[in-house]
Structures are given as structure tokens and as C-alpha cells.
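Welcome! Here is a friendly tour of one protein structure, topic by topic. Please keep the 3D view open while you read.

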Amino acid sequence: MKTHEPENLRQTKHRLALFLAGETKERIFKHPTAHPSRPTGLCHCDEGLFAPIRVYLRAALLQLVLQMPFNNLKIWLLRKMGARVGSNVYISACAWIDPLYPQLLTIEDDVFIGLKARIMTHEFRIDEFRAGKVFIRRGAFIGGFSLIACGIEIGQRAVVAGGAVVGTDIPAGATAIGNPARIVKRPKAEKKSESCNE
Ligand SMILES: CC(C)(COP(=O)(O)OP(=O)(O)OC[C@H]1O[C@@H](n2cnc3c(N)ncnc32)[C@H](O)[C@@H]1OP(=O)(O)O)[C@@H](O)C(=O)NCCC(=O)NCCS
């Protein structure tokens, strides 16, 4: 398996930097890689000494604060780290939010995030690296121990059940349960328009 040529990697990093700065429209940044056990050049752990230390310190700080019961402190720190967090958001103790790219996370007003819910903004796959924007729309409910994968949108007032593993967008007002999460309840308005079309 071949790793990428330096020139290719430079271009990729530039594309990633634009994506992280919000200067591109796509929701998911994808780049083919060799197996994740090989250096990809896209992980901070491949970048000398200081970059990994900075990332690990930031991750430790975020994790420490997220363990605590101080909601305002969590929200303040997430905003400092670049996440967009609305008003009246509650993040339960021990939630886990990806410390690598918190700037890709948007949590709108009136969202509740349950105990030990996990939200990813990047992932290494067997042959691909991804970074993805996550949108948790207004009034959504994220159940305890659930996992939201990178690049996912949870619609307005949608419910993610406890323990659900969400790998696809959840429409507004729907309830998603299980692993992989499936929609078990659709919003009332959608049901009504379906019956009108029958
Ligand atoms: C999703 C949820 C809101 C559904 O509540 P509900 O509408 O009252 O649904 P019900 O309890 O009637 O269950 C409907 C079906 O889904 C199943 N189900 C409910 N929650 C489930 C879950 N988390 N995972 C898997 N299946 C679940 C039920 O067993 C039932 O199955 P059945 O139709 O085969 O009997 C609720 O189960 C849930 O997960 N709440 C999350 C609570 C939480 O995490 N709070 C934050 C903690 S800090």
C-alpha cells in the first residue's frame, strides 16, 4: 500500500483547511488513504511533537469539562473551540464531543444532549479519512449513550433514542431508534401528507 505523495498531501491539507474554515460548501470532506494503521499525514499524531501535544491537551481539557455538571462552562468552552452553540442548550454530564474538529459542530437552540452521548466530527475508515459537519437542529433530543457519526444532521425536534447509532440524517420531528438507527416515528405533518397522497 502506498501513502500519498508529498505534493498530493499538501493539496489535501489545503483543501481540509478550507473545509475546516467553512470556506467550502460540502458537508463531508473525504480523502482516500491507505489502511488507518499506516501514517496518513492527516492525523496530528503524524506532525512532529508539538502539534500532537497541543491536540491532546485540548482533548483532555474538553473531556474534563464535559464530565462535569457545569452546563454553562461546557457551552463556553465549546464556543471558544469554534463550535456554534445556541441558547437554552443542555449537555448532560459525560457527553463526548470530538475534540479534533469542534468547529464543525452546530447545536441550535433548545437542544438536549443526554448522558454519555457521543458526537463525532471526524473518522478514519479502512481506506478513507472523513471530517464532517454535524448539525443538531433546534429543539432536538439526543438520548443517552447514543452516537452521532460525522457529517450527520439531526432535524428540528427530532428524537434520537438512548443508545442509537446514527449514521444517516434524521428528519425533523422523527424518532430514531437502534443500531443502525432507524426511523420509528415520523412527524405528524409528514404522515398526514402521505395519507392525502394515497
Ligand atoms: C426513544 C424514546 C423517547 C421512545 O419513547 P416512546 O415513544 O415512549 O417509545 P416506547 O417506549 O413506546 O417504545 C417504542 C418501541 O421502541 C423500543 N425502544 C424504545 N426505546 C428504545 C431504545 N432506546 N433502543 C431500542 N429500542 C427502543 C421499545 O422497546 C418499543 O418497541 P416495540 O414497539 O417493539 O414494543 C425512549 O425510549 C428513549 O430512548 N428515550 C431516551 C431517554 C434518554 O436517553 N434520556 C437522556 C438520559 S440523560
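Pro 180 sits in the loop between strand E16 (175–177) and E17; helices (H or I, at least four residues) and strands (E, at least two) are DSSP runs, numbered from the N terminus. The peptide bond that leads from Asn 179 into Pro 180 is cis, with omega near -5°. This is a predicted model, in which local features need pLDDT of at least 70 and side-chain atom pairs count only at pLDDT 80 or more, while totals for chains, interfaces and linings use all residues. Residues are numbered from 1 along each chain as its sequence is written.

**Backbone angles to look for**

- Most residues other than glycine have a negative phi, and most peptide bonds are trans.
- Asp 110, a residue other than glycine, has a positive phi near 60°, and its place is the loop between E5 and strand E6 (112–113).
- Asp 110 counts as partly exposed because it has 17 C-beta neighbours inside 10 Å; a residue is buried with 20 or more other C-beta atoms within 10 Å of its own, exposed with 12 or fewer, and partly exposed in between, with C-beta atoms placed from the backbone.
- Arg 157 also has a positive phi, near 55°, and lies in the loop between strand E13 (153–154) and E14.
- With 16 C-beta neighbours inside 10 Å, Arg 157 is partly exposed.

**The sheet and strand E17**

- Six strands form an open sheet, ordered E3-E6-E11-E14-E16-E17, with mixed pairing; two strands pair if DSSP finds at least two bridges between them.
- E3 and E17 stand at the edges with a single partner strand each, so one side of each has no neighbour in the sheet.
- Strand E11 (residues 141–142) pairs with E14 in the parallel sense over 2 bridges, and Ile 142 stands opposite Val 160 in E14.
- Ile 183 belongs to strand E17 (residues 182–185) and is partly exposed, with 14 other C-beta atoms within 10 Å.
- Not counting residues up to four places away in sequence, Ile 183 touches Ala 174 and Ala 176; two residues are in contact if their C-beta atoms, placed from the backbone, lie within 7 Å.

- Leaving out residues up to four places away in sequence, Ile 148 touches Ile 119, Met 120, Val 134, Ile 142, Ile 154 and Val 166.

- Which residues of H3 are buried? They are Lys 74, Leu 77 and Leu 78.
- The exposed residues Asn 72, Arg 79 and Lys 80 are on the face of H3 turned away from its buried side.
- H2 and strand E2 (84–85) are included in what covers the buried residues of H3.
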